[in-house]
Amino acid sequence: MGRLMVLGLAVTVAVAACAVASVAVGRRVRSRRKWRRVLGVLAELEERCATPVGKLKQVVDAMAVEMHAGLASEGGSKLKMLLTFVDRLPNGSEKGTYYALDVGGTNFRVLRVQLGGQRSSILEPHVEQQAIPPHLMTSTSENLFDLIASAIKEFVDRGEDGSKTLVSGRGKLGFTFPFPVKQRSVSSGILIKWTKGFHIEDMVSQVNDTVGTLALGHYHDEDTVAAVIFGTGTNACYWERTDAIIKCQGLLTTSGGMVINMEWGNFWSSHLPRTSYDTDLDSHSSSPNDQGFEKMISGMYLGEVVRRVLLRMSQESDIFGTVPSRLSLPFIFRTPMISAMHEDDSPGLIEVARILKDVLEIPDVPLKVRKLIVKLCNVVTRRAARLAAAGIGGILKKIGRDGSGSITGGRTRTDVKMRRTVVAVEGSLYTSYTMFREYLHEALWEILGEDIAPHVILKVIEDGPGIGAALLAATYSKDSVCG
Ligand code: BGC
């Protein structure tokens, strides 16, 4: 009897053990299946984001064609191709003291720049920065500009050594603004989004931030023909020959050309590798159907694309256990976090773990999930950088600096000899995110080929929008000696 009981117990234990084992096996199988689904999400993303050089060349061509269409008529393209009326660029001969106002999204800066002529170096310009009080960001532009105007007055009055000068100071001011402005002249314009005119006394030039960057680039190096910004937003401007503009717009200028603010963030082409994450991001944004190129490239959006993919992955599987509620918060991943995770070279991906803990409040994310997130950042950033390179390729093609001639009024000129060509670049996405920069260079090289690529130099221009605006104030000031 006793033996029978022991046997019965043993059988029960064995059955229970089998049941536990089969539950464990079942769980493992389910978990493997879920992991495969996550890998499937990544593989699908990779495929949709692919940018082989053939596709990049299609984007290059589309950009050049759209540039032409945008110049030909207002509204002729999603590229605004705004005339800036900047028909000369600083050349190093400028002299005197000039001021600049650089208004950004959350702060504004006033700068004082001393120019000594003969391309003298611009040593540590005097700069003062102020945050824009949040209530003024949603207030009327009059209130905002009242605040800015009094800050400028105080800055100018304080003089060089910080002491209050007896005589109220006067100076020429350049103004740079990181938004699309339809200009009426070099010193006045209408902000396209706010449709509000503005005018500041003694303001001799008012330009987009890309134009300031081109001005500073050109001051240092006369081969600079274009400027590109890769920051929170993205945009480009370039020097266009007068005949190309005249043909298109019947415009007469006395000099050889004019800077065109492309507002390339709004570029669109069916060749762009768009995913469902991009479409959703766009439809939930405050500007649906606008800034499509910017939403695939710029610092404002890279983290948001990554978040959307991660959310889908965590819904498909249990990579984070239950779906973290914070993963549903738009824009919770900022681009510096994406670059820090992407470039984490510690064996245990410690930085990735730290950011996930800080942002999503999940401690101890398994290593294989951290590795997956690094791959995800790589796919999103690589696509952005390669498309950015295609954008630059498009400008070079339009102005005949890609080795294939230029598109002029629909005809292609092939007699243009390749010259040293400098593109000024600004913005922390390019300067601080090494992988973005490297992918961009690699793609530009692929697009241009080894015969042309060595002639094209991307030059980082620090503080282009600010100092460049002061240089343009000098260029357009009657007091400045221009050669
Ligand atoms: C704006 C451009 C600006 C760019 C870079 C974009 O969002 O539309 O005007 O040049 O950001 O700051």
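Start by selecting leucine 349: this residue is buried, since its relative accessible area is 8%, and buried means under 20%. The model on screen is predicted. Keep leucine 349 selected and look at the backbone. Phi is positive here, about 50°, and the residue is not a glycine. Most residues other than glycine have a negative phi. Now show the neighbouring elements. Leucine 349 sits in the loop that links α10 (335-342) and α11 (350-360).

Next, follow the chain through α11 to aspartate 364, in the loop between α11 and α12 (367-398). Is aspartate 364 buried or exposed? Aspartate 364 counts as exposed because its relative accessibility is 70%, and the cut-off for exposed is over 50%.

Now go to helix α1, which covers residues 2-48, and pick arginine 36 within it. Its relative accessibility is 54%, so arginine 36 counts as exposed. Together with Arg36, they gather in a surface patch of positive charge.

Finally, zoom out to the whole protein. Colour by secondary structure: 15 helices and 16 strands are present. Colour by burial: of the 483 residues, 52% are buried. Show the accessible surface: the total is about 22,300 Å², and carbon and sulfur atoms hold 55% of it. Last, draw the contacts between residues at least 6 apart in sequence. Of these, 70% join residues at least 24 apart.

Methods: Residues numbered from 1 in each chain as written. Predicted model: local features only at pLDDT ≥ 70, side-chain atom pairs only at ≥ 80, totals over all residues. Heavy atoms only, no water. Patch = residues over 30% accessible without salt bridge, like charges linked within 9 Å, V, L, I, M, F, W, Y side chains within 5 Å. Areas by Shrake-Rupley, 256 points an atom, 1.4 Å probe, with all protein chains shown as cover. Salt bridge = Lys/Arg side-chain N within 4 Å of Asp/Glu carboxyl O. Lys, Arg positive; Asp, Glu negative; His and termini not counted. Charge placed at Lys NZ, Arg CZ, Asp CG, Glu CD. Helix = DSSP H or I, 4+ residues; strand = E, 2+ residues; numbered from the N terminus. Buried < 20%, exposed > 50% of the residue type's maximum accessible area, 1.4 Å probe, protein only. Contact = heavy atoms within 4.5 Å.
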